[in-house]
2 protein chains.
Amino acid sequence: MRNCVVAQSGGPTSVINASVMGLLAKNNEVKFFDHVFGGLNGIEGILKEDFLNLSLLTEEEIEEVKHTPSAALGSCRYKLKNYEDSKEEYEKLFEIFKKHDIHAFFYAGGNDSQDTVRKLSAYAKERGHEVSFIGIPKTVDNDLEVIDHAPGFGSAARYIAVSVLESYLDSLVYTNNGVFITETMGRDAGWLAASGALATYKGRRCADIVLLPEVPFDEEKFLKRVEEVYKEKQHVYIVASEGVRLKDGSFLAATKAHAHDSFGHAQLGGAGNALKNIIQQSGITSRVKVLELSTLQRSAFHLASPVDVEEAFTLGGRALLLAKEGETGVVSILKRVSDAPYEVTYTKTEAKNIANHVKYMPLSMVTEDGMNITEEALAYFKPLVGELPTYRILHHYDALKK
Amino acid sequence: MRNCVVAQSGGPTSVINASVMGLLAKNNEVKFFDHVFGGLNGIEGILKEDFLNLSLLTEEEIEEVKHTPSAALGSCRYKLKNYEDSKEEYEKLFEIFKKHDIHAFFYAGGNDSQDTVRKLSAYAKERGHEVSFIGIPKTVDNDLEVIDHAPGFGSAARYIAVSVLESYLDSLVYTNNGVFITETMGRDAGWLAASGALATYKGRRCADIVLLPEVPFDEEKFLKRVEEVYKEKQHVYIVASEGVRLKDGSFLAATKAHAHDSFGHAQLGGAGNALKNIIQQSGITSRVKVLELSTLQRSAFHLASPVDVEEAFTLGGRALLLAKEGETGVVSILKRVSDAPYEVTYTKTEAKNIANHVKYMPLSMVTEDGMNITEEALAYFKPLVGELPTYRILHHYDALKK
């Protein structure tokens, strides 16, 4: 008997289930493992032998789960410690693998999960345990190194771009519209906020200002720009990452942060409201609205990017093949061959190359004033997000003027 | 020369442009008016003779505008005073109508706009001005009397139902998930919050608790229910209207309200955060997340309800026919013939029947404990919202248990 187990970790995305279903579908095709088990709530559930037998799913069910947001197997925020600090846990895990004839463990998650893959594969190699550990990348934040872009990002970026476009049109209906701020996820890296720059109306970008964690927030420069735009059109649209920081590295929203999660990350929220306060106190205008996109960014499957769904599915299938080829301690990844026509190739990288690293946005993608994204940089984002809706309003349609 | 003017007022919806395009398309068909003008920014722009000639739009452009959220002509929050307090304005308006050969004025808006229709039609009748005033109903809040449901509501309700479903799936991935609160619009009436009850997963309603402005908030009863549900499954999903009120009629979010709009309505926001504070202070759990759907409820055309779009379009066309038939001081409305199969008829009502009235949710639609919607009541909402996506997660799929 040769079985494997797959589990999900960290914040859900719209396509993390597509990855698990891709793996299952590939095994149904190549029949390398007798059963594909799903571990509930990540490594937490595996330690409790909380398994589902995914090989019982019908083709129709696989299709349904593939097109479902959230983590179908449940998730966890549990970071595996080093072997020295957690011997019992490591030993228990390998006992469980032995008991259930598990020869491979697939972990779909971000850089913390790939750290688990790295640690367990190193331990197994040392002890001669014949269990493969393979990572499947996932994160809406797109902050994973080596891989061109993380599965989950394209769908979140699509949700943000469409929401920016639609809320932009809504925000300019009055004669004096004030300032509209949309706050996106992205604690460390600005990829999600940057994707707000994809929204355009009649060739003009909706977002006048895009604020990223990578560019230290300069209040004076920011207010000057807000005032300029406001004077020109009595309307300013801002997209801001939750992770906007000051020069000293502290979060703009820091005064509103109350807690840290179990990985020691500051729990954020509130950059938008912090900016609102700054603008209102400056006296530019008191009309400032804030939209926090919150968890819908990562769960709004109805706006999932088809490219993202299919890539996530393929990366899951490729992870299975990596185990079949005897690999361990690696992550199934993709590299971009070209932007247009969009083309990728699938390959692998050592888990250590992804574990605990963060891929920031390169400053070459940012405009000189630090408050928007260059037009050239958008070529990176466009194929991941797909076509946006085409809308037409009339109040600036001069050809109709009577 | 016989022209007409159409304008939009109040908060935008996903389908208020469909109504204007329905009117234009009907005139292109019956050719009753030589030109259909669009007044920019509601009555504000008309007083400034700020017109577009909508009859110049091509069929393709009409289709595009029909499928665009926001107010394509711009909007205003300007409430026309009584004639006695504003003689000059009334006289100026009729001078402008005369100057541009305008024989009908169509106003798409909520109960404040229908009050404008009522006032101007009464004034015109008294003075013998041959100008028709016809209302086209619109409001995401669904709080208009007489009409079965307001155009704009179905699309907002659809956005809310899908967002509740997707954020619900996202909110239950951990072993202890705490409380998730989604705050909807609906200052006076609970229709929008109630539509959150449409979201179901595997036949079970996602929302454990739905809080409406119509049912006075009882903190003790509320906390008891939250605790019960939390004890049962370590997860509580709450949908709350921004207009949740205490027994004395004051808003739960009142301490956070900073302003009043120009109609004297309290500017809300914060019912969700108020509930979060109440739950956290009760000691039930500190894990409470709040999602404020904000303006996306009324502008997310990508999730517009097809029924809503077509009804809004038809109501616009019917408004034109009412003017052609010599009506004035009336509103183009629809009545429901049956829920299933869903069928409506189009008719009219006096503007005074809608102006300044508010249609609350009947308490017969609310469960006995006042904290959810009855199953029977959902028959009213379902045809307006349409089918929701079908998703499948696995962590409660017992047939797969190993």
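Two strands pair if DSSP finds at least two bridges between them. Helices (H or I, at least four residues) and strands (E, at least two) are DSSP runs, numbered from the N terminus. The model is predicted: local features need pLDDT of at least 70, side-chain atom pairs count only at pLDDT 80 or more, and totals for chains, interfaces and linings use all residues. Residues are numbered from 1 along each chain as its sequence is written, and chains are lettered from A and ligands numbered from 1 in the order in which they are written.

**View 1. Strands E12 and E13 of chain A pair antiparallel.** Strand E12 (residues 330–338) is joined to E13(A) by 8 bridges. Lys335(A) has Thr345(A) of E13(A) as its bridge partner.

**View 2. An open, mixed sheet of 7 strands in chain A.** The strand order is E3-E2-E1-E4-E5-E12-E13. Strand E3 (51–53) and strand E13 (343–350) stand at the edges; each has a single partner strand, so one side of each lacks a neighbour in the sheet. On average, neighbouring strands are turned by 30° against each other, direction ignored.

**View 3. Helices H5 and H11 of chain A lie across strands of chain A.** Axes are lines fitted to C-alpha atoms, for helices over the stretch in contact; angles run from 0 to 180 degrees between N-to-C directions. Contact means C-beta atoms, placed from the backbone, within 7 Å.

**View 4. Helix H1 packs with helix H3 in chain A.** H1 (residues 16–30) and H3 (residues 59–66) meet at about 155°, with axes 8 Å apart. They are therefore roughly antiparallel (angles over 145 degrees). H1(A) contributes Asn17(A), Ala18(A), Met21(A), Leu24(A) and Ala25(A); H3(A) contributes Ile62(A), Val65(A) and Lys66(A). The contact residues divide into 6 nonpolar, 1 polar and 1 charged. Ala, Val, Leu, Ile, Met, Phe, Trp, Tyr, Cys and Pro count as nonpolar, Asp, Glu, Lys and Arg as charged, and the others, Gly among them, as polar.

**View 5. Chain B touches chain A.** Each chain gives 54 residues to the contact. Elements giving two or more residues on the chain B side include strand E2 (35–39), helix H3 (59–66) and helix H6 (153–170) of chain B. H6(B) supplies the largest share, 6 residues. The chain B side has 28 nonpolar, 16 polar and 10 charged residues.

Notes
Contact = placed C-beta atoms within 7 Å. Parallel < 35°, antiparallel > 145°, perpendicular 65-115°, else oblique.
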